[in-house]
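Please look over the sequence and the model below.

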Amino acid sequence: MWRLMPFLFLLYIVAYLDRINVSFAVLQMREQLGLSDRVYGRAAGMFFAGYFLFQLPSNLVLEKVGVRRWISSLMVTWGVISCLMIFIRGPVSFYTMRFLLGAAEAGFFPGVILYMKHWFPASARARAVAWFMTANPIAGIIGSPVSGALLGLRGAGLAGWQWMFLIEGTPAIVFGATVFWVLSDHPQEASWLEGGERAWLLERLESERQAESGLGKASFWEVLVSGRIWMLSAVYFGVSTTMYGVTLWLPSVIRALSGLSYFMTSLVAVIPFVATTIAMVLVGMHSDRTGERRWHTAIPAFLGAAALVAAAYGSSVALVVAGIGLGLACAEAMVGPFWAMATSRMAGLSAAAGIAVINSLANLGGYFGPDIIGLFRTANGGFRGGLLAIAATVALSGTFALIVGRQTEEKTAKRG
């Protein structure tokens with residue numbers, strides 16, 4: 001936990017910041033490039049079209065060549081693409097660059113989830129995933145004021161939004177180059193593990209692999225048509241819809257309702273990310289402590305849906321930001337217990353394929369969330385319709401979590 005998680009956490013902060021910093025860039029791009037809300041909503045979501053198409057093949061390549069080589073290559077690639085966002089000149093180039101960024105980042109998250117399965121026993125996995133996923137809100141906490149401040153830069157013929165993309169894309173290139181030397185693909189290769197620690201960990205992981213050995217025989221195509229995989233994808237679809245629908249529109253919502261400056265908008269945007277960080281850690285730890293996954297996934301979904309409905313009908317900036325912040329916190333609190341539940345009956349190729357299929361299908365919610373808000377925003381100038389659509393989606397996710405979680409518990413009990 002202490003040797004791997006800080007570095008993986010840092011990598012995910014870099015990844016998440018590069019995919020969400022467009023939410024601040026558009027505050028200037030909208031006027032300078034003549035972009036409509038509909039164009040922005042579609043471009044923000046276009047990231048996930050590339051993410052969807054390239055995620056499964058990327059994760060299968062990772063399983064073949066190893067984490068260090070593949071993650072290193074991906075990070076350098078998306079860092080370069082993020083820097084090249086400075087050349088966006090209109091809708092077509094905006095869509096294209098966001099698509100390419102999504103394609104480059106596609107293998108990172110499912111690759112790290114698979115990597116954790118190689119290192120963390122099931123009893124610690126929800127906690128590990130929850131700590132890793134707190135990089136999402138931490139990226140918002142760190143990146144919001146930084147992005148807001150960078151919008152004020154001028155010089156060398158570049159606007160503030162161009163400097164922001166250039167500066168915030170560079171860390172991915174730097175850290176990508178260090179991955180190969182910092183990470184070990186498997187515990188057997190880790191020189192920092194003592195003999196007794198390595199033996200204990202390998203024995204524990206091997207016993208879990210033996211228990212899941214029958215599941216590992218599932219073919220690639222059986223994974224693709226598995227009803228359980230599609231049900232899990234539906235659960236995570238609501239998480240992605242909320243996560244990105246809220247995050248990629250949050251600065252625009254705050255600025256539209258309050259009229260604050262770029263930097264003050266960025267400071268207010270930090271508040272929901274702080275709440276999200278706390279919720280993710282507490283729910284993940286409690287889920288591991290109790291060993292319960294189903295209700296730890298479903299209850300946050302229902303609470304998040306209620307909070308988004310309250311935000312949709314809120315009449316003050318404080319109420320809207322509070323409702324959106326609670327909705328975001330609840331949706332992201334689902335991820336720790338969700339991935340612990342999802343990976344509990346996967347092994348071998350079925351784990352690599354299953355994780356990638358779930359994440360790629362579910363992250364289409366990252367297209368749906370921003371786009372549906374952009375659609376309603378263009379139609380009536382408000383955010384209510386989009387927030388209600390997202391609330392309905394995450395409520396359905398909670399319902400599906402109860403169904404698939406029950407099935408998982410019953411099958412586990414029979415195997416026991």
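This is a predicted model: local features need pLDDT of at least 70, side-chain atom pairs count only at pLDDT 80 or more; totals for chains, interfaces and linings use all residues.

Residues are numbered from 1 along each chain as its sequence is written, and side-chain values use heavy atoms, with hydrogens and water left out.

Helices (H or I, at least four residues) are DSSP runs, numbered from the N terminus. The expected span of a helix is 1.5 Å times one less than its number of residues. Helix α4 covers residues 67–83, 17 residues in total.

How many residues of α6 are buried? Buried means under 20% relative accessible area, exposed over 50%, and partly exposed in between (1.4 Å probe, protein chains only). By that cut-off 12 of the 12 residues of α6 are buried, so the helix is largely enclosed by the rest of the structure. Among them are Phe108, Phe109, Pro110, Lys117, His118 and Trp119.

In α4, the buried residues include Val67, Ile71, Leu74, Met75, Trp78 and Ser82. Contact means heavy atoms within 4.5 Å. The cover over the buried residues of α4 includes α1 (5–20), α3 (37–65), α5 (91–105), α6 (108–119) and α9 (160–182).

## Asp18 and Glu105

Asp18 is in helix α1. Its relative accessibility is 0%, so Asp18 counts as buried. What does Asp18 touch, not counting residues up to four places away in sequence? The list is Trp78, Ser82, Arg98, Leu101, Glu105, Glu168, Gly169 and Ala172. The side chain of Asp18 makes a polar contact with the side chain of Trp78 at 3.0 Å. A polar contact is a pair of N or O atoms within 3.5 Å; within protein, one must be able to donate a hydrogen and the other to accept it, and residues adjacent in sequence count only if both atoms are side-chain atoms. Asp18 and Gly143 are 125 residues apart in sequence, yet their C-alpha atoms are 9.4 Å apart.

Glu105 sits in helix α5. Glu105 is also buried, at 0% relative accessibility. Beyond four places in sequence, Glu105 touches Ala15, Asp18, Arg19, Phe47, Tyr51 and Trp78.

## Other single residues

Gln162 is in helix α9. Leaving aside neighbours within four places, Gln162 contacts Ile86, Arg89 and Gly157. Gly405 lies in helix α20 (residues 384–415). Gly405 touches Arg294 and Met341, not counting residues up to four places away. The C-alpha atoms of Gly405 and Phe52 are separated by 25 Å, and the two are 353 residues apart along the chain.

Ala156 is in the loop between α8 (135–150) and α9. Ala156 has a positive phi of about 60° although it is not a glycine. Most residues other than glycine have a negative phi.

| Residue | Relative accessible area | Class |
|---|---|---|
| Gln162 | 6% | buried |
| Gly405 | 2% | buried |
| Cys83 | 12% | buried |
| Cys330 | 9% | buried |
| Ala156 | 71% | exposed |

A search of the whole structure finds 0 disulfides (pairs of cysteine sulfur atoms within 2.5 Å).

## Core and aromatic pairs

A nonpolar core is a set of buried Ala, Val, Leu, Ile, Met, Phe, Trp, Tyr and Cys residues joined through side-chain atoms within 4.5 Å. The largest one has 122 residues. Phe132, Met133, Tyr236 and Trp339 have the most contacts inside it. Not counting residues up to four places away, Met133 touches Tyr12, Phe109, Tyr236, Met243, Met280, Glu332 and Val335.

Rings of Phe, Tyr and Trp (its six-membered ring) pair if their centres lie within 6.5 Å; planes under 30 degrees apart count as stacked, over 60 as edge-to-face and the rest as tilted. The structure holds 23 aromatic pairs. In one of them, Phe237 and Phe368, the ring centres are 6.0 Å apart and the planes are at 35°, so the pair is tilted. Phe237 lies in helix α12 (residues 227–247) and Phe368 in helix α19 (residues 365–380), so the pair ties together parts that are 131 residues apart in sequence. Phe237 is partly exposed at 25%, and Phe368 is partly exposed at 30%.

Note on methods:
Helices (H or I, at least four residues) and strands (E, at least two) are DSSP runs, numbered from the N terminus.
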